[in-house]
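Thanks, everyone. Let me put the model on the screen and walk you through one part of it.

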Amino acid sequence: MGIETVMTEVQATADPDQQEPTAGRRPHHWAGWFTRMTLRGRLSLLTAAAVAVSIFICACTCWFVVDGQLNKQIQNTLGNLTAHAGQFPVTTGNCGDTAAAALSNLNASPAGASSGKTVGPALFDAEVIALTIEGPKVCLPTGATVGINTVPSDWIPTNGPGTFRRGTYTNGEPAIVRVTTLQGTDYPLLIAYPLKEVDHSLQYLAIVLFCVAAIGALGAAGIGLAVARAALKPVDQLTDAVEQIARTQEPGTTIKVHGKDEIARLSESFNSMSTALASSRDRQSQLIADAGHELRTPLTSLRTNVDLLVRSEETGRALPEETRSRMMRNMKAQMVELSTLIGDLLELSRPTRPKGSKPLEVLALHDIAARALDRARLRGPGLVFNVDLHPWYVRADAHTMERAVINLLDNAVKFSPPGGAIEVSLRFGTLTVRDHGPGIPAEDLPHVFDRFWRSPSARQMPGSGLGLAIVAQTIRDAGGEVSLAAAAPRPRRATRGALATVRLPGAPTPPPSTPPLGAELD
């Protein structure tokens with residue numbers, strides 16, 4: 001059940017596109033459409049949009065820069081042009097109230113038949129606003145083919161280089177107009193340059209830039225789709241693996257890790273999680289199988305004894321008192337064995353350090369060892385205990401720590417020969433328990449802390465094979481380490497024995513106690 005919950009959460013995390021929106025919320029139509037897209041599609045769309053916006057900004061900037069430069073060149077050219085009074089005779093044949101009237105009068109006069117524009121070194125259009133008694137008159141040079149429409153601000157004479165504005169010809173075409181003063185007079189002079197070709201060029205440039213932006217956006221969308229497909233391939237593999245685990249309920253599936261980026265880290269984390277889940281499930285299965293095997297023997301023996309007692313009562317054939325007493329003692333021993341085994345299983349099945357558990361206590365390890373020695377002396381009355389305990393304080397759970405030390409001493413008592421000696425020492429956080437029994441074969445050392453494991457020579461002795469496993473788990477929870485090895489031989493002794501070593505972090509003195517709340521105020 002725990003694996004199903006974990007894999008469901010992992011699958012929901014790996015495939016966020018399949019999560020349903022929160023109840024009670026109504027996402028916007030476009031937002032809903034966007035969230036319904038695949039992650040690959042969203043990345044491609046965002047890439048294309050980002051590139052399109054960038055190209056659009058660059059295109060607009062380019063267009064405005066070109067437009068500014070062209071206008072600046074025209075203004076510089078117009079600024080270098082001058083005209084004198086002789087080019088603009090103020091007569092009724094070339095003047096009028098408006099530029100259109102002046103052009104009409106010029107075309108109607110015999111002098112207006114000539115063509116060409118005579119202002120400056122290039123062919124530009126020009127006209128003068130002559131301030132006469134009859135009012136302002138627009139006068140065109142001889143040969144002019146088009147006039148410049150005026151505005152009221154043009155009638156005011158200006159000094160210096162003049163001003164520039166956008167205007168139109170009498171035929172409606174756009175032009176850029178410079179308003180200055182005719183040399184030798186106070187008459188306003190208008191010099192214009194046609195913008196038809198310039199505007200046409202700018203329009204053509206805008207079309208080209210738009211096409212380039214569209215092609216760039218489409219290309220970016222295609223490239224973004226290809227990149228997203230390649231970049232999200234590990235995510236697809238991860239999704240497939242999660243779906244397979246959720247479908248088969250068999251953790252342990254891993255995916256290949258490429259590179260060292262965030263996707264690679266996600267893949268490594270998934271592989272670690274999947275492997276850990278598979279290992280945990282295997283340990284659970286092995287624990288159940290081993291527990292069933294260990295429970296079968298005392299249960300079978302207990303059932304056999306109960307059946308004999310029941311059959312004796314049913315048949316009326318009473319068992320001899322000695323046999324009956326022996327069977328009752330066996331049943332009691334089997335019940336004790338079952339209780340011990342079940343207690344050990346409960347101890348091993350608890351979480352290593354569950355969240356929300358109470359803080360670890362400061363314990364006097366030397367006192368715990370002393371109490372455990374008192375129980376060990378009762379279980380091995382003929383043994384000699386050589387004890388050397390120095391103060392050492394640790395942070396651990398009191399019950400489990402005392403259970404671990406008792407298990408170490410019980411193990412030493414169990415394998416010690418009659419009249420043998422057991423040496424117990426505690427110095428600077430290192431607790432050692434040494435017996436002088438048969439010792440541990442080298443090939444058995446890697447398995448001594450495994451659950452339900454017992455060496456072939458110890459399988460006829462009482463015990464469940466869980467004692468040292470409980471020791472290892474308790475010491476690891478307290479931040480320490482434990483080892484069991486063959487002891488070095490002693491002079492004039494035939495056996496080497498076993499040496500158990502426990503190292504725990506702590507101090508030879510207890511930490512200062514925290515004053516109660518409000519003590520400083522008192």
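In which sense do β10 and strand β11 pair, and over how many bridges? They pair in the antiparallel sense, over five bridges. Strand β11 covers residues 430-434. Take S425: its bridge partner in β11 is T432. Keep in mind that this is a predicted model.

Now the sheet around that pair. Five strands make up an open sheet, ordered β8-β10-β11-β13-β12. The pairing is mixed. At the edges stand β8 and β12, the latter being residues 481-486. Each has a single partner strand, so one side of each is left without a neighbour in the sheet. On average, neighbouring strands are turned by 10° against each other, direction ignored.

Next, the helices. α9 packs on the sheet and touches β8 and β10. The direction of α9 makes about 175° with that of β8. α10 lies across β8, β10, β11 and β13. It runs at about 25° to β11.

Let me stay with α9. This helix spans residues 365-379, 15 residues in total. From first C-alpha to last it reaches 21 Å, close to the 21 Å expected at 1.5 Å a residue. Which residues of α9 are buried? They are L365, H366, I368, A369, A372, L373 and A376. Seen down the axis of α9, these buried residues fall within an arc of 145°, so they line one face of the helix. Recall the general rule: an α-helix has 3.6 residues a turn, so residues three or four places apart point the same way.

And what covers the buried residues of α9? The cover includes β7, β8, β9, α10 and β10.

Conventions: Residues are numbered from 1 along each chain as its sequence is written. This is a predicted model: local features need pLDDT of at least 70, side-chain atom pairs count only at pLDDT 80 or more; totals for chains, interfaces and linings use all residues. Side-chain values use heavy atoms; hydrogens and water are left out. Helices (H or I, at least four residues) and strands (E, at least two) are DSSP runs, numbered from the N terminus. The expected span of a helix is 1.5 Å times one less than its number of residues. Buried means under 20% relative accessible area, exposed over 50%, partly exposed in between (1.4 Å probe, protein chains only). The arc is that of the directions from the helix axis to the C-beta atoms. Contact means heavy atoms within 4.5 Å. Two strands pair if DSSP finds at least two bridges between them. Axes are lines fitted to C-alpha atoms, for helices over the stretch in contact, and angles run from 0 to 180 degrees between N-to-C directions.
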